[in-house]
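Colleague: I am new to this structure and would like to learn how to read it. Could we go through its features one at a time?

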Amino acid sequence: MAYRLLWVDDEIDLLKAHIIFLEKKGYSVDTSTNGYDALEMCQSESYDLILLDENMPGLSGLETLSRIKDMYPTLPVVMVTKSEEENIMNQAIGAKISDYLIKPVNPTQILLSLKKNIHSKEIVSEATQTAYQQNFGRLSMQISDSLTMHDWMDVYRTLVRWELELQDVASDMKEMLAMQKRDANIEFCKFVRKNYMKWMETLVHHKQDDSRPMMSPDVLKTCVFPALDKGEKVFFLVIDNFRWDQWKVIQSEIAELFNVEENMYCSILPTATQYARNAIFSGLMPIEIEAMFPELWVDEDSEEGKNLNEAPLIQTQLERFRRRNTFSYNKVNDSAGAEKLLQQLPVLMRNDLNVVVLNFIDMLSHARTESRMVRELANSEAAYRGITQSWFRHSAVADLFRALANTDCRIVLTTDHGSVRANNPVKVIGDKNTNTNLRYKLGKNLSYNAKEVFEIRDPKKAGLPTPNISTAYIFAQNQDFLAYPNNYNYYVQYYKDTFQHGGVSMEEMLVPLIVMQSKKR
């Protein structure tokens, strides 16, 4: 395919050598000596890029640029001119010029600008595919050699990085990456099955164990209390159901505002709000909450909301560590709530600690399951990330971050759990009292294939409540979801390819723990 260029310059004859060079490189070059003729040519011909002089008789380059952009807003225009005046540059940039080259230019400069403005997508695509192919074997070895949670966090970061790199590339590499990610999740689940109860033994009994990863009950005492001890004010922001890949797209929106320290921690099981978030706020495992603060724990079969006692749970942790910090707790469910919180910011700044729960992404996940339109809008992992980014960019939450960037507060951004795209049904039979979550079940009469799930037959050892003596917990792994035999086909069709949480996968368990401080500080 020969790309068509239009070069507009009142001294076009002096550029003959440049034009011959471009034609030898395979470009088709039309020329014009003034802006009026150039506009007529744009209307009768289709061009891939325009090279435009500024200082021309009649219609100036800037006026020509303005009219071209009115007709063809996305058409790349490169200004090639003798003018070094700053106001000319500013006007050209303001009119969304693609590049600004100052004469005399050599042919290589022109070629580089063409590659940047016409060929960049295909060059980047080819380079990305080549880089992934070269790193495929190395990543496979990294997956097979992972022995610690730190190793697995590195694997997950690398997989997400390639997902983001390849998401706009039309190639078979994306399917290869998806297969590699599935393989990684299979191995990660084996790792969790082998080590989880060891971690729980140290966590439940409050033993020191450097081999155990940071988990939900550790977050406040590890990442928030030390900052408070230094006299810093802390905003602790919890985005419900927030994955590492979603953090990476939001990071691009706020990178210019904050210095960022990226970490991950491991969510406890079940990776669900009732368990994981309550463990964060209380600093306790669920069985300890039930025993020490029965009025604050809500059983699975209760109709009461499972996350209504979060502020009191935070208070219990502060009191247990004999902390006298003042704190606030706010839950934001919509834009109006975020705007109200923003208005209260001057008052909130008087507190040592401000805890904010943001529910949009969890609401999006549920809406995607229940609404055919939302499922269509978020029909892929990339689209799901895109909606997250669009929400953040245009929400009052972004305004909150911008406002916090004007303070000296430490911001700790995290979540209680992530979610995984569930594709594979696994049959389970339970009685009428069995909970409804698709990624974990608890009950006394569960029937299932033990090879297909991660089972915990002694919940107390895993720090989990036991409504009955014979209660067991089972967790879906990888991209599985738990389906009942009754009305099986309808059930599977309805829930297949939905984002779920509660079980064992990198996406659900390895979650962001981000510390930020303003660059203005």
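Modeller: We begin with a term: two residues are in contact when heavy atoms of theirs lie within 4.5 Å. Keep in mind too that the model is predicted.

Colleague: Which elements cover the buried residues of α13?

Modeller: The cover includes the helices α9 (219–229), α11 (273–282) and α12 (286–292), together with β8 (327–332) and β9 (353–358). The residues being covered are E310, L313, I314, T316, Q317 and L318, which are buried in α13 (residues 310–320). After this helix comes R322, with a positive phi near 55 degrees.

Colleague: How should I read the pattern of buried positions along a helix?

Modeller: An α-helix has 3.6 residues a turn, so residues three or four places apart point the same way. For a case, take α16, which covers residues 360–370 and has I361, D362, L364, S365, R368 and T369 as its buried residues. These residues are on the same side of α16, because the arc they cover around the axis is only 160 degrees.

Colleague: Is R368 buried or exposed?

Modeller: R368 counts as buried because its relative accessible area is 0%, and the cut-off for buried is under 20%. R368 belongs to helix α16. Apart from neighbours within four places in sequence, R368 has contacts with V374, R375, A378, N379, R421, D497, T498 and F499.

Colleague: What would a partly exposed residue look like, for contrast?

Modeller: Take S390, in helix α18. S390 counts as partly exposed because its relative accessibility is 37%, which falls between the limits of 20% and 50%. S390 also shows how to compare sequence with space: Q477 is 87 residues away from S390 in sequence, and their C-alpha atoms are 30 Å apart.

Colleague: What share of the chain is buried?

Modeller: Of the 521 residues in the chain, 54% are buried. The chain has 21 helices and 19 strands, and its C-alpha trace spans about 90 × 55 × 40 Å along the principal axes. For contacts with a separation of 6 or more, 73% join residues 24 or more positions apart.

Colleague: Which residues touch the most other members of the largest nonpolar core?

Modeller: They are W152, Y196 and F236, in a core of 114 residues. Helix α8 (residues 173–204) is the element that gives the most to this core, namely 12 residues. There is also a second, separate core of 20 residues, with L6, M79, I97 and Y100 among them.

Colleague: What is W152 in contact with?

Modeller: With neighbours within four places in sequence left aside, W152 contacts I143, S146, A184, E187, F188, F191, M506 and L510.

Colleague: How does one look for empty space in a model?

Modeller: Rolling a probe the size of a water molecule over the atoms shows where empty space is left. In this structure, the largest pocket has a volume of about 680 Å³. Its lining has 27 residues, and H366, T436, N437, Q500 and H501 lie nearest the centre. Two or more lining residues come from each of α11, α16, β13 (440–443), α20 (488–495) and β18 (498–500). Helix α16 has the largest share of that lining, with 6 residues. By class, the lining of the largest pocket is made up of 8 nonpolar, 13 polar and 6 charged residues.

Colleague: How much space lies in the second largest pocket?

Modeller: The second largest pocket holds about 490 Å³. It is lined by 19 residues, of which E163, K174, A178, E381 and R421 are the closest to its centre. The elements giving two or more residues to this lining are α7 (149–166), α8 and α18 (381–393). Of these, α8 gives the most, with 7 residues. The classes in this lining are 4 nonpolar, 5 polar and 10 charged residues.

Colleague: How many cavities of 30 Å³ or more does a search of the whole structure find?

Modeller: The search finds 1. The largest cavity has about 30 Å³ of space. Its lining consists of Q274, Y275, W297, D299, E300, L442, P465, P467 and Y473. Sorted by class, that lining has 6 nonpolar, 1 polar and 2 charged residues.

Definitions and conventions:
Residues are numbered from 1 along each chain as its sequence is written. This is a predicted model: local features need pLDDT of at least 70, side-chain atom pairs count only at pLDDT 80 or more; totals for chains, interfaces and linings use all residues. Side-chain values use heavy atoms; hydrogens and water are left out. Buried means under 20% relative accessible area, exposed over 50%, partly exposed in between (1.4 Å probe, protein chains only). Helices (H or I, at least four residues) and strands (E, at least two) are DSSP runs, numbered from the N terminus. On a 1 Å grid over the protein atoms alone, a cavity is a set of points where a 1.4 Å probe fits but cannot get out, and a pocket is an open set with protein on both sides within 12 Å along at least five of seven lines; lining residues have an atom within 4 Å of a point. Grid points are joined across faces, edges and corners, and a volume is the space filled by probe spheres set on the points. Ala, Val, Leu, Ile, Met, Phe, Trp, Tyr, Cys and Pro count as nonpolar, Asp, Glu, Lys and Arg as charged, and the others, Gly among them, as polar. The arc is that of the directions from the helix axis to the C-beta atoms. A nonpolar core is a set of buried Ala, Val, Leu, Ile, Met, Phe, Trp, Tyr and Cys residues joined through side-chain atoms within 4.5 Å.
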